[in-house]
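Dear colleague,

Please find the structure below, handed over for your records. My findings follow directly after it.

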Amino acid sequence: CSHLVTYKLKYGLNGYNFLQNSLKTTPNGRTSVNIEETKIPKCCFCFGYQGRFYLCLICSSVSCCNLPDSNHAYLHSQLENGHEISLDVERAELFCWVCFDQVYDPDFDKTVMCKQMMEMPRNSNGVDFISKENPLKKRKLGGSLDSRKNPIKLVLKIRRGSGSSFPWGLRGLNNLGNTCFMNSVLQALLHTPPLRNYFLGDRHDRESCRKNSSDRLCLHCDIDAIFTAAFSGDRKPYSPARFLYSWWQHSSNLASYEQQDAHEFFISVLDRIHEKEEGSRPQNKDNGDCQCIAHRVFSGVLRSDVTCTICGFTSTTYDPCLDISLDLETAKIFPKETTVKTGKTTQDTCVSTLLGCLDLFTRPEKLGSDQKLYCQHCQVRQDSLKQMSIKRLPSVLCFHIKRFEHSWIKKMSRKIDKYLQFPFSLDMTPYLSSSIVRNRFGNRIFAFEGDEADISTEFEVFAVVTHSGNLESGHYVTYLRLRNQWYRCDDAWITQVSDSVVRASQGYLLYYVQKTLHYKATEDVGCLLQSPRRDPFLPTPECC
């Protein structure tokens with residue numbers, strides 16, 4: 001933004017430094033502006049309390065933006081010459097009223113991060129950055145008592161030295177304004193074994209891409225830059241601002257600082273990767289499969305069988321998928337939902353299981369009267385049963401848990417807060433088309449076109465994206481399983497957690513990797529010997 005550049009040339013960083021004392025950070029990492037004069041901000045024009053408030057960086061006046069009724073923040077920028085840059089009070093984000101858009105500045109980002117470091121929770125000895133209460137580890141990190149009392153010095157000390165106790169590639173991502181949805185998915189992608197091999201193996205050359213491509217913004221290059229930064233050994237939080245801007249340009253319908261859905265973002269990124277490689281990579285002549293890295297890693301094939309209940313005729317269709325969306329299922333655990341009553345409130349204690357959700361996904365379903373199948377044998381529309389199964393497993397399984405319900409009839413939406421129990425090791429054999437069809441016909445079919453001896457059905461979980469809160473003010477966090485240890489990635493903050501913490505979280509996206517096609521997701525990538533152009537799908541010998 002040229003207007004922000006002009007402001008910095010005239011005033012430097014004095015405004016940022018002055019604002020730093022007014023910033024406050026919530027426990028979930030979100031930063032806002034603390035107005036000292038009153039607990040509730042009010043507009044200097046209308047003295048109202050409604051809408052979003054903006055703080056002018058020049059005169060510190062607070063104005064409201066209550067569209068479509070009024071926009072006194074914009075009016076202030078028009079009345080006062082040179083007062084174009086202001087700060088969103090609720091989100092601590094810079095906004096230009098000439099460009100009429102949020103603007104990102106690395107210097108302001110450093111100001112916010114420094115404030116967050118100083119507000120880290122303290123214990124009796126100073127600052128506690130490690131989730132596990134291990135006194136030996138604290139003595140190693142802390143040094144003298146004086147250094148522990150200074151949070152910035154301690155953070156720098158952790159980054160320089162004992163940060164190596166964390167696995168290679170484990171690095172926090174700064175929240176750039178309601179971007180926890182992006183950070184949570186990026187953490188999962190950064191530690192997806194074949195993707196990690198692909199980008200760290202230099203399979204996408206940024207230099208040659210810039211020379212050969214007319215597209216100034218390349219999402220591939222920006223993803224490659226994130227992998228390089230994450231696995232550089234630098235422990236300080238990284239700001240994926242260039243990637244965010246590039247993703248906005250490729251997905252203009254999602255370009256805003258509003259909170260987005262992590263699942264929608266995940267699919268959007270894979271689609272953009274596919275579109276980039278679609279023109280440059282030839283399709284497989286044998287089966288027409290796309291050979292882009294996104295589809296090679298995440299793409300599987302679902303089978304849908306619709307059977308006429310009168311004559312038994314079955315219509316079969318196959319559809320590619322990048323993930324499997326599952327409804328939460330509770331009937332097999334609690335036939336009758338039990339509740340715990342406390343006073344006037346009632347809390348559900350129902351729990352779903354991933355296996356129960358998969359059983360529900362592959363269970364025969366009677367279609368409604370408006371979905372009757374046109375039976376080719378009966379030559380009329382008949383009642384029918386539909387059954388889903390998995391014809392081909394991907395290398396990495398992503399399960400999307402449907403936690404958000406939208407009712408068009410009631411015109412309302414809600415989030416399902418039921419907990420999901422999931423295994424760390426998963427066998428997908430019962431949900432393959434070969435198993436489903438054999439069970440349907442009583443094992444009378446001995447040969448099946450989907451049977452492939454070299455396809456592994458054993459998977460291990462390596463990442464879980466969780467959602468807490470409600471539809472209006474939720475927060476995404478990722479749990480990563482590295483070297484058989486779980487780590488909580490909450491934007492810029494990385495902490496070590498136990499298995500019980502992960503199991504108690506509300507899983508939204510669950511990532512599983514095949515055991516045989518890839519080295520175990522729990523290994524330390526720093527121990528792996530990789531050649532620059534190594535195939536990311538070849539098994540890697542264990543050396544840990």
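Which residue's side chain meets that of Lys 8 in a salt bridge? In this predicted model, the partner is Asp 105, with an N to O distance of 3.0 Å. Lys 8 belongs to helix α1 (residues 2-11), while Asp 105 sits in the loop between β8 (101-103) and α4 (106-118), so the contact ties together parts that are 97 residues apart in sequence.

Two others deserve mention here.

Lys 515 and Glu 460 form one of them, their closest N and O atoms lying 3.9 Å apart. This pair also links distant parts of the chain, as Lys 515 is in the segment after β30 (507-514) and Glu 460 in strand β26 (residues 458-468), 55 residues away. Glu 460 is buried, with a relative accessible area of 12%; Lys 515 is partly exposed, at 31%. Returning to Lys 8 and Asp 105, salt bridges with shared partners join these two and Asp 107 into one network.

The other is between Glu 275 and Arg 272, with the closest N and O atoms 2.9 Å apart. Both residues lie within helix α13 (residues 262-278), three residues apart, which is about one turn of the helix. Arg 272 is buried, with 15% relative accessible area, and Glu 275 is partly exposed, with 45%.

Turning to the strands, an open sheet is formed by four of them in the order β12-β11-β20-β17, with antiparallel pairing. The edges are held by β12 (314-321) and β17 (365-366); each has a single partner strand, so one side of each is left without a neighbour in the sheet. Strands β11 (residues 300-308) and β20 (residues 384-392) pair over eight bridges in the antiparallel sense, and Val 301 is placed opposite Arg 392 in β20. Helix α16 (residues 433-440) lies across β11 and β20, and runs at about 145° to β20.

Phe 45 is located in the loop between β2 (31-33) and β3 (52-56), and is partly exposed, with a relative accessible area of 31%.

With kind regards

Conventions:
Residues numbered from 1 in each chain as written. Predicted model: local features only at pLDDT ≥ 70, side-chain atom pairs only at ≥ 80, totals over all residues. Heavy atoms only, no water. Pairing = 2+ DSSP bridges. Helix = DSSP H or I, 4+ residues; strand = E, 2+ residues; numbered from the N terminus. Contact = heavy atoms within 4.5 Å. Axes fitted to C-alpha atoms, helices over the stretch in contact; angles between N-to-C directions. Buried < 20%, exposed > 50% of the residue type's maximum accessible area, 1.4 Å probe, protein only. Salt bridge = Lys/Arg side-chain N within 4 Å of Asp/Glu carboxyl O.
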